[in-house]
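Please look at the sequence and the model first.

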Amino acid sequence: MKAQFFASALILGSMGLAHAADPVVAAGDQAFSWEGSYIGAHIGYGWGKARYDDSEYNVNLPDFPHSASILTRTV
Amino acid sequence: MIGELQFGHNWQRGNLVYGLEGDLGYLNLAGSGWPEPDADGVPYDTQGIAKGGWYAGLAARVGYAADRTLFYVKGGAVYSGGKLGYVDNCISDFIDPPGCGPSTLDAWDRIGWGYQIGTGVEHALRDNWTVKLEYAYLDFGSARPSAVVASGGEYEGRLVHVDADLGVHTIKLGINYKF
């Protein structure tokens, strides 16, 4: 997660620099405009991990607690 | 499979594009698993279960537009109506099957709120139609399945809680109509 935050910060940071260095688009230039509202649809795939810790469930039992890490994915 | 509707608004200053974006859809997660056996190699009779459900997200988005191609990052909140469970439905005498005791547990909690961060690229095929590819990480933090131990045993009738954390990586392909 830390790495992702760092990467995001890096992208944002370099974006700011690139923006500052770019010439302002002249009036009348035919560049595409992203301004406006949009609506659409997505499909995709997801995967991840759920981690369980039952230390409260099994408090004071000698061979516990257990913890489980389970894989999850979209079906 | 993830399927969702998306809506949003962009503002643009030069190459800088920023906006707000909402998602509403289905995040059909599934998974289950058992803890490791204990130090004596005895298995455990309670398993973790994840079940997906509907999903909603709201994010701020900021990007760099190279004419018709937009590179962006986003971050915001997510909510999932899915559930995390911790379930013991095996009743025995610990001997056969090994580790299976007299009590049962059926503890569930909603996945609930979390945060998302993501990055992607979007391209305008035509003036009103864009396609996009996005990666996002959804961190739903902690849920707390709770239930009363049932069916007998030393802890019957006691209310117990389990901590359950969920994180999900997603890759999505989308098409948007701009108006």
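**Strand pairing and chain contact**

Strand β2 (residues 67–74) of chain A pairs with β2(B) in the antiparallel sense over 2 bridges; strands count as paired if DSSP finds at least two bridges between them. Helices (H or I, at least four residues) and strands (E, at least two) are DSSP runs, numbered from the N terminus. This is a predicted model, in which local features need pLDDT of at least 70, side-chain atom pairs count only at pLDDT 80 or more, and totals for chains, interfaces and linings use all residues. Residues are numbered from 1 along each chain as its sequence is written, and chains are lettered from A and ligands numbered from 1 in the order in which they are written.

**Between the chains**
- Opposite Arg73(A) stands Ala30(B), a residue of β2(B).
- Chain B has 65 residues in contact with 46 residues of chain A, where contact means that the C-beta atoms, placed from the backbone, lie within 7 Å.
- On the side of chain B that touches chain A, β9(B) gives the most, with 16 residues.
- By class, that side of chain B has 35 nonpolar residues, 22 polar and 8 charged. Nonpolar means Ala, Val, Leu, Ile, Met, Phe, Trp, Tyr, Cys and Pro; charged means Asp, Glu, Lys and Arg; the others, Gly among them, are polar.

**Within chain B**
- β2(B) also pairs with β3(B), antiparallel, over 16 bridges.
- Val17(B) has Gly63(B) in β3(B) as its bridge partner.
- β3(B) and β4(B) run antiparallel and are joined by 17 bridges.
- Tyr86(B) in β4(B) is the residue opposite Gly48(B).
- The hairpin of β3(B) and β4(B) has 2 residues between the strands, and Asp67(B) in the turn has a positive phi of about 55°.

How values were computed
Two residues are in contact if their C-beta atoms, placed from the backbone, lie within 7 Å.
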